[in-house]
Amino acid sequence: MNRTINFAKRNILEMSRDVLSYIFCIAFPIVMLVIMSVVNASIPKEAGMTLFRIDNLSGGIAIFGLTFVMLFTAIGVAKDRNGSFLIRMFASPMKSGDFTIGYILPMLAVALVQAVIAFSASMVIAGVTDSKLSLAGLLISIAVLLPAALMFTAIGMIVGTLFNDKAAPGICSIFISLGSFVGGIWFDVDGVGGVMKKISVCTPFYYATKAVRASIDMDFSKDSFVIPIIVVIVSAVLLTALSGTIFRRKMRADLT
């Protein structure tokens, strides 16, 4: 366990030295939150648009921020694999599970910090715009974000294990775009309906956004929260198991 913790500490230190991690994981989601709030303020009330209202926007931005956690997970794993660091570490008593947990734990910590900062900014915006935003709902949604964070981190591990540090960012950008659109971050998937909704409901990103928004609204009904959070948890567990399996096989291949 000590080896895993030390490895996790090393990974969080490596990420903390990268200025881009602060920009994309912390600053960029906040900037998008402010910009979309300004856009919402410019939309006439008669239009009836609610997606960019802060109670809806805060949950979407929280999920959007996790896509960058995925990106930096992929970059970190890919860089370690392509360098000599992991080759040396493979000779240590550490097992593949230790590596997997050592990569995941720092990213979950980053996701928590990211959520706290984003929701704090949301509370400030709600106060400035005289909007209603439940503090209890935001606190609950932080816990709800954890399985979503695990899911995105696992995807990042899979990409970082399968691709090098030059290809991994490009592959992750596809997932960032996919998660944003089919997750319903920037538009109302349920309102659009049709083929778009049929595609969205086949992905865990849609359910992650829906579960977080429902928790912020303190709506814990079956369709709004229970089913979505179950889908996210199951997806997170399966993807984490898959990432560990893929990493273990790559680890063995690298040693031969």
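Is V226 buried, exposed or partly exposed? V226 is partly exposed, because its relative accessible area is 34%, where buried means under 20%, exposed over 50% and partly exposed in between (1.4 Å probe, protein chains only). This is a predicted model, in which local features need pLDDT of at least 70 and side-chain atom pairs count only at pLDDT 80 or more, while totals for chains, interfaces and linings use all residues. Residues are numbered from 1 along each chain as its sequence is written, and side-chain values use heavy atoms, leaving out hydrogens and water.

**Surface patch**
- V226 sits in helix α11, residues 222-255; helices are DSSP runs of H or I with at least four residues, numbered from the N terminus.
- Together with I230, V234 and L238, V226 makes a nonpolar surface patch of about 340 Å².

**Nonpolar core**
- The largest nonpolar core has 75 residues, and I63, L66, F119, L145 and M151 touch the most other members; such a core is a set of buried Ala, Val, Leu, Ile, Met, Phe, Trp, Tyr and Cys residues joined through side-chain atoms within 4.5 Å.
- Elements giving two or more residues to this core include α1 (2-16), α3 (54-82), α5 (96-128) and α11.
- Helix α3 provides the largest share, 16 residues.
- Not counting residues up to four places away in sequence, F119 touches S58, A62, L138, S141, I142, L145 and I216, with contact meaning heavy atoms within 4.5 Å.

**I125**
- I125 lies in helix α5 and counts as buried because its relative accessibility is 13%.
- Leaving aside residues up to four places away in sequence, I125 touches L33, V34, S37 and I54.
- L33 and I125 are 92 residues apart along the chain, and their C-alpha atoms are separated by 8.9 Å.

Methods:
Patch = residues over 30% accessible without salt bridge, like charges linked within 9 Å, V, L, I, M, F, W, Y side chains within 5 Å. Areas by Shrake-Rupley, 256 points an atom, 1.4 Å probe, with all protein chains shown as cover. Salt bridge = Lys/Arg side-chain N within 4 Å of Asp/Glu carboxyl O.
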